[in-house]
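Colleague: I would like to go through the labels used for this structure and see what each rests on. Please set the values against the definitions.

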Amino acid sequence: MSDATTPWTIETAAAALRSGAITSVELTTAALAAADRLDPQLGTYLARFDKTALARAADADAERAAGTDLGPLHGIPLGIKDILATDEGPTTAQSLVLDPAWGEQGDGPVVARLRAAGAVITGKTTTMEFAIGRPDFAKPFPIPRNPWNPDRWTGGSSSGTGNGVAAGMILGGIGTDTGGSIRLPAAYNGISGHKPTYGLVPKSGCVPLGLTYDHIGPMCRSAWDCAAMLDVIAGPDPSDRTTLDGPHPGFVAGLERGVAGLRIGVIANQRVRSGSGPDTLSAVGAAVAELTAAGATAVEVELPYYDELCVGAFLALQAEAFAWHRPTLAARWADYGRPTRLTLAQGALISGGDLVQLERVRQIARRAVLDTIDAEGIDVLVGPTTGYGATAFTGADPAAIDPKALHTPPWNATGWPALSVPMGFDPDGLPLGLQIIGRAGTDDLVLAVGHAYQQRTAWHLQTPPLHA
Amino acid sequence: MSTDDDTPRADDAVATVATLLAAAGLQVPDNEVERLAQLYPGLRRSMDRMYEVPTGDEVPAALFRAGEGGPR
């Protein structure tokens with residue numbers, strides 16, 4: 001699904017829809033045709049809503065013809081990770097365990113807001129079971145594969161949204177991120193993915209995992225597209241009392257601020273260096289050079305308690321997830337996939353006192369990191385999203401599957417915004433991701449830095465061998 | 001399990017993990033108890049390192065405020 005030379009983005013498709021160069025029905029038909037061809041190889045969808053999607057697309061075209069413009073998502077095909085409920089159909093969380101009645105609540109605020117903005121919901125996308133664990137070949141669900149090399153994983157857990165965007169089956173979609181589940185598949189699939197500030201986007205209507213670590217956010221080709229989706233889905237909702245009060249700034253409106261005068265902190269902790277391959281670190285260096293060439297200054301920074309933030313996030317989210325899953329784990333142990341149940345059960349090995357201590361360390365560490373970047377005058381932090389490109393299903397490099405290669409969890413612990421954008425390829429031709437992190441509430445700045453980077457590079461417009 | 005002692009020995013880990021899982025109401029096959037027992041010493045070491053952070057009188061993030069309404 002693209003024009004002659006470059007893939008569609010939400011930005012370019014919205015412009016084409018507004019100019020009349022294409023209709024939403026044409027765009028949606030092409031998206032569904034791409035899914036007909038590619039989904040059997042890539043395992044993107046758990047459920048498709050072709051009939052309602054085409055009907056919504058026709059409505060969007062009629063609305064536009066009548067002079068109604070609902071914004072950049074009007075008539076755009078999007079996918080929804082199958083841990084969010086939708087009006088159209090069942091929610092499985094890619095599990096045999098989830099009670100079908102859970103999904104009968106229908107649209108939560110995020111899906112409802114997308115729908116109100118005119119988005120065309122094409123279906124529910126694959127995940128790791130309950131958004132945790134690893135691909136499970138023993139269960140009757142699709143295995144999401146990487147369109148850059150189907151012998152490689154998409155990353156998880158927002159796997160289907162990640163490979164669906166990369167392969168051109170959808171122009172964007174919704175992912176969730178408890179330890180990196182938006183940013184990891186964004187990096188592995190060569191797209192952009194934004195984990196918002198905790199509480200910016202309401203989480204009701206989504207199966208919980210780590211209750212204080214969960215985030216819902218956009219996954220698209222570009223930072224511009226992520227900003228357009230975030231403009232729609234951000235904002236408080238009474239159904240989620242963790243949402244932040246007050247209006248948010250316009251994220252698309254803030255994209256053109258540029259990076260001139262910004263001070264960028266390049267994360268230099270040993271855990272990042274030892275948990276990343278040389279090609280990845282080289283790509284980070286090249287990305288920083290692009291940003292400094294655009295007027296930013298860069299400084300290396302050692303973040304205090306970085307290891308504790310990484311490790312503590314894993315431990316605490318397991319405990320929080322166990323609290324939600326304990327009744328069903330006790331009743332239906334064998335119905336969970338083995339990777340999922342073994343991960344969740346580790347939450348039973350963490351005591352109540354341990355969880356309190358994890359929360360206390362989280363507070364101390366968050367404040368210490370904030371003090372450090374304040375003292376250094378740093379506006380945003382950057383580093384690799386992951387240390388390596390997409391891992392193989394079998395025979396993976398041990399370094400690449402070591403938890404130390406995942407550089408996303410600290411920002412679930414702090415709740416700060418973190419965007420992953422493509423920054424190049426490894427020697428195997430697999431995408432690498434640059435992570436851009438800001439203070440709480442600075443999603444607009446993080447997205448603007450990503451946008452500035454993408455104005456100077458075209459990594460985000462590269463298409464994989466398996467593409468529409 | 002003791003947090004003021006060394007990491008549990010491997011032969012203790014199976015019994016410890018089995019006890020904790022049973023206390024949580026989980027009926028876990030022996031081979032999976034053994035797998036969790038392999039992971040447990042590392043988990044415990046990671047957790048015990050958290051107690052080395054000087055947290056003083058730090059209050060957890062999950063604050064309780066009596067004046068706030070609860071979930072509806």
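Modeller: A:Arg113 is found in helix H4 (residues 109-116) of chain A; helices (H or I, at least four residues) and strands (E, at least two) are DSSP runs, numbered from the N terminus. This is a predicted model, in which local features need pLDDT of at least 70, side-chain atom pairs count only at pLDDT 80 or more, and totals for chains, interfaces and linings use all residues. Residues are numbered from 1 along each chain as its sequence is written, chains are lettered from A and ligands numbered from 1 in the order in which they are written, and side-chain values use heavy atoms, with hydrogens and water left out.

Colleague: Why is A:Arg113 called buried?

Modeller: Buried means under 20% relative accessible area, exposed over 50%, partly exposed in between (1.4 Å probe, protein chains only). A:Arg113 has a relative accessible area of 19%, so it is buried. Leaving aside neighbours within four places in sequence, A:Arg113 is in contact (heavy atoms within 4.5 Å) with residues including A:Pro202, A:Val232 and A:Asp237.

Colleague: What share of chain A is buried?

Modeller: Buried residues make up 64% of its 468 residues.

Colleague: How many helices and strands does chain A have, and what makes it as compact as a globular protein of that length?

Modeller: Chain A has 15 helices and 13 strands. Its radius of gyration (taken over C-alpha atoms) is 20 Å, close to the 23 Å that the globule rule (2.2 Å times the number of residues to the power 0.38) gives for 468 residues, so chain A is as compact as a globular protein of that length.
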